[in-house]
Structures are given as C-alpha cells and as structure tokens.
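Dear colleague,

I am passing on the structure below, and after it I have set out what was found. Please keep it open beside this message while you read.

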Amino acid sequence: MTSGRTDSLRSTEIAVGDELPPFDLPVTSTVIVAGAIASRDFMPAHHDREFAMAQGAPNMFMNILTTNGYVSRFVTDWAGPEAMIRSIKIRLGAPAVPGQPLRFSGQVAQTSHEGDECVIEVAVRAANDLGDHATGTVVVSLPLG
Amino acid sequence: MADKEVDELRARLEAYVGKPMGPPAVAPDAVNLPMIRHWVDALDDRNPVYLDAEFAATTRFGGIVAPPAMLQTWTMPRPRIEGIAGRGGAPDKMISDNPIPLLDQAGYVGTLATNSELEFVRYLRPGDQLHLTTEVESISNRKTTALGQGYFVTWVTTYMDGEDEVVGRQLFRILKFDPSTIGAAA
C-alpha cells in the first residue's frame, strides 16, 4: 500500500498543454472483480468469464463505475488532495479485460478562473491493445494560488 | 423491418422521452466509511481526503469526503444473487416500463454502453442519505452502426440528498442494436 500525496499542485503551476504523468494499470481478474464489488455491481459480466464470453465479450470486463473511479484517481493523483472533480465525461470503447494493461494519459486542455478557484479541463484517455477504452474530459478545480 | 413498422416503433419510443427510466430509488445505506474504505482499497486510490480524518480537516473539504466516482455506488440496487445470470445480470426481477424491453422485443437485443457523463454538484460526506430519479433524455432515430442497426437511448439520473438538494447527475447513453442486421445498408 502506498500512502497518498498530501501536497497539491498550485494553480499557478498549471498550463494548457501540460501532460499528466502517465499511469499503467495492470488489469487482472482481481482488479476487475475488486472494482465491481466495491461499486456494488454484481453483473456476471464483471466477474464470470464464461458468462461474459457467452455474451460475445473477449473475457470478463471492467464495469463503468470502476473505469470512472480510475479516471478520477488518475486526475487527483496528479492534482493532489485539494482537487475537486466537477465532472467526468467519457466515451466508452474497447473493453478493459484481464491481461491487457490500461494506459492512462492526459493533457491540460483549458484553464480558467472562477471566484477563488482555478478550473482545469483535462483531456483523458485510457487505452489498451484493443483500442481506446475511455476517452473524454475531466473538469477539476483547485483553490487559486 | 418494413418502413411502417419502423415508424410505429419510432412513435412508441418517442412516447418514453421525458418519462422515468425506472422507479425512484433510495440508497440502502447512507454514505459511510466502510464502503469508502472498500473502494479505496479496491482501486488503490490513496487520496487522504477519503479516509484520513485529521488530514481531511486541514483541506478545503474540512473533513472526510467520499470518492466522487462512488456517486452511483450508493444507490446501486441490492442484488438477489440466485439466478442473476439467468436474468442477464439484472440485480432483481425488474418490472420497468421503459424503452429497453420494447427494443428487445423488436429484435434490438444487443446492448452497448457508449457514453457516461458524471457531474458532481458537491462532494458527499459520511451520513449523506441519497435518493434518485431518472428520466429518458432522448432516443435517436434508427442508426446503422458497425454492430448493426440500432437506437441510441440516453437517460439522466439525478441524485439528491436528504434535503432534496441535487448533489450530482449522470447522463448515460447506450446503443440497443439488432445483431442480425450487421452489415445492413443504411
């Protein structure tokens, strides 16, 4: 277990075009099942390989709640604990399946000031060898300063 | 399918727009630390505002908050495990008057999730008791896709706290497709 960072990015350090540190998630059956059950999603496609394959999927696959959880984690691991996620808007593509690591990448697309907050729009992508698993935009705010 | 049937189906689908996708639902449990801890461990998300009360008190949140992406988790229906595969994964016997059974009956039995848009009005804290309502936002005209002909169905879930204040929303879009029409001309 690693402990989380306690410092946050300063809004003055963030510029359009900044790349987020890429993150590789080694997707295993355990990762998929742990996320499904933690999100209280008991759909067999997220824990039962035979069921998923009978439905035409290549293997059991990650549920959307878990994908959103990892997208959120990817952005707050970068921005720090003062970050407040405002929205996660993703388009869903290739399934996340065991044995196919997911690579998360992101880039600051836009920044603006709103009251005492800096609002940052991050373009995110999570991809594996099958293609783009999720692509979209996360809007996150940090206190100004 | 003949044009007339397509038109009739379209009219029946249109009648669902603006109507609930399912019944209002109440979270079985208030936002709570054990479920947050389970999530934090499952996703290895070590953001200290989720579990470290002392640290969280020093942040702008002023105390522990739930991971925002857990929003939908709090209101997930309690599953009846026995027979869940036979129900196609539905947590329990669902009697919902919504466009999905209509599309299934018309042959559009395939389901593919295409979009999820989560909006967080505020972060949740332990003790928040959520409930939700849903509404069909739109249903597309019949489209020809790589998976066959189908309809995009979009609905919005609105999450509220114990004071009926909106805490978040989720837009969800799926494609209901007819696998037998794969490769069909537009």
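**What was found**

B:I100 has its place in helix α4 of chain B, where a helix is a DSSP run of H or I with at least four residues, a strand is a run of E with at least two, and both are numbered from the N terminus. With a relative accessible area of 18%, B:I100 is buried; buried means under 20% relative accessible area, exposed means over 50%, and partly exposed is in between, with a 1.4 Å probe and protein chains only. The C-alpha atoms of B:I100 and B:M21 are separated by 9.1 Å, although the two residues are 79 residues apart along the chain.

Please bear in mind that this is a predicted model, in which local features need pLDDT of at least 70 and side-chain atom pairs count only at pLDDT 80 or more, while totals for chains, interfaces and linings use all residues. Residues are numbered from 1 along each chain as its sequence is written, chains are lettered from A and ligands numbered from 1 in the order in which they are written, and side-chain values use heavy atoms, with hydrogens and water left out.

**The two chains**

Chain B has four helices and six strands, which run α-β-α-α-α-β-β-β-β-β from the N terminus on. Its C-alpha trace spans about 65 × 30 × 30 Å along its principal axes, and buried residues make up 47% of its 186 residues. The mean pLDDT of chain B (pLDDT being the predictor's confidence in each residue, from 0 to 100) is 93, and 97% of its residues reach 70 or more.

Chain A comes to three helices and five strands, in the pattern β-α-α-α-β-β-β-β along the sequence. The C-alpha trace of chain A spans about 50 × 30 × 20 Å along its principal axes, and 50% of its 145 residues count as buried.

**Strand pairing in chain B**

Two strands pair if DSSP finds at least two bridges between them. Strand β1 (residues 25-26) of chain B is joined by two bridges to strand β3 (residues 131-139) of chain B, and these strands run antiparallel; within β3(B), B:L132 is the bridge partner of B:A25. Eight bridges join β3(B) to strand β5 (residues 148-160) of chain B, again antiparallel, and here B:E135 stands opposite B:V156 in β5(B).

**Aromatic pairs**

Rings of Phe, Tyr and Trp (its six-membered ring) pair if their centres lie within 6.5 Å, and planes under 30 degrees apart count as stacked, over 60 as edge-to-face and the rest as tilted. The count by this rule comes to six aromatic pairs over all chains. The rings of B:F61 and B:Y123 have centres 5.0 Å apart and planes at 15°, so this pair is stacked. B:F61 lies in the loop between α3 (53-56) and α4 (99-105) of chain B and B:Y123 in the loop between β2 (110-120) and β3 of chain B, so the pair ties together parts that are 62 residues apart in sequence. B:F61 counts as buried at 5% relative accessibility, and B:Y123 is buried as well, with a relative accessible area of 7%. In chain A, one aromatic cluster is formed by A:F23, A:Y70, A:F74 and A:F104.

With regards
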